[in-house]
Structures are given as structure tokens and as C-alpha cells.
Amino acid sequence: MHLNWSALGQVAAVSLGVTVAVVVVFSLGVLGLARGTEEGTATVAGRAQAGLCFLACAAVVAYGIYLIVPQFH
């Protein structure tokens, strides 16, 4: 049995990188919601930032599900 260690390392590196990227983008979305005035309401720019970040996270999750589920191909 032959195991392609190079391919396994590439998959592990990409998985780690994408995981860190999604966590950072999600955190930026939460930061956008936390930005606000004294009353605690989010500003328009903060909500726009949060919406874009959460949309990007949802797109990454949807693409991952697309890759995993064979019926979607």
C-alpha cells in the first residue's frame, strides 16, 4: 500500500488555512456588529461589514457541502 504523504500534507495545510481564514472573517463580522454608538446599535458601515463577512462564511460552508455531497455534482 502506498500513501501519498505530499498530497496528505497539502490537504492538511489547505484545511488549516481555510479554517483560520473563516474564523478571522467571522470575527471581523462580529466586530462589525459590535461597532456602534453609545446606545449599542450597529452603524450602517458596521452592519454592511458584518453582512459581507457572514455572507463570505456562508459561501465557504456552502462550497464545502457542495464538495462533500456527490448528488450536487
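Author: Let us begin with patches, which are built from residues with over 30% relative accessible area and no salt bridge, like charges being joined within 9 Å and nonpolar side chains (Val, Leu, Ile, Met, Phe, Trp, Tyr) within 5 Å. A salt bridge is a side-chain nitrogen of Lys or Arg within 4 Å of a carboxyl oxygen of Asp or Glu, and accessible areas come from the Shrake-Rupley method with a 1.4 Å probe, where for residues only the protein chains shown count as cover. This is a predicted model, in which local features need pLDDT of at least 70 and side-chain atom pairs count only at pLDDT 80 or more, while totals for chains, interfaces and linings use all residues. Residues are numbered from 1 along each chain as its sequence is written, and side-chain values use heavy atoms, with hydrogens and water left out.

Reader: Which residues form a nonpolar patch on the surface here?

Author: The patch consists of Val61, Tyr63, Ile65, Tyr66, Leu67, Ile68 and Phe72, which together have about 740 Å² of accessible area. Helices (H or I, at least four residues) and strands (E, at least two) are DSSP runs numbered from the N terminus, and isoleucine 68 lies in helix 2, residues 44-68.

Reader: Is isoleucine 68 buried or exposed?

Author: The convention is that buried means under 20% relative accessible area and exposed over 50%, with partly exposed in between (1.4 Å probe, protein chains only). Isoleucine 68 has a relative accessible area of 67% and is therefore exposed, as is valine 44 at 73%, whose place is also in helix 2. Alanine 42, in the loop between helix 1 (5-34) and helix 2, is buried, with a relative accessible area of 18%.

Reader: How many aromatic pairs does a search of the whole structure find?

Author: A pair of aromatic rings is described by the distance of the centres and the angle of the planes. Rings of Phe, Tyr and Trp (its six-membered ring) pair if their centres lie within 6.5 Å, planes under 30 degrees apart counting as stacked, over 60 as edge-to-face and the rest as tilted. The search finds two such pairs. Phenylalanine 26 and phenylalanine 54 form a tilted one, with 5.1 Å from centre to centre and 45° between the planes. This pair links distant parts of the chain, since phenylalanine 26 is in helix 1 and phenylalanine 54 in helix 2, 28 residues apart. Phenylalanine 26 is partly exposed at 43% relative accessible area, and phenylalanine 54 is partly exposed at 28%. Tyrosine 63 and tyrosine 66 have ring centres 6.2 Å apart and planes at 25°, so that pair is stacked; being three residues apart in helix 2, they are separated by about one helical turn.

Reader: What radius of gyration does the protein chain have, and what would a compact globule of 73 residues have?

Author: The radius is taken over C-alpha atoms, and the globule rule is 2.2 Å times the number of residues to the power 0.38. The protein chain has 18 Å, whereas a compact globule of 73 residues would be near 11 Å. The C-alpha atoms fill a box of roughly 65 × 25 × 15 Å along the principal axes, and buried residues make up 11% of the 73 residues.
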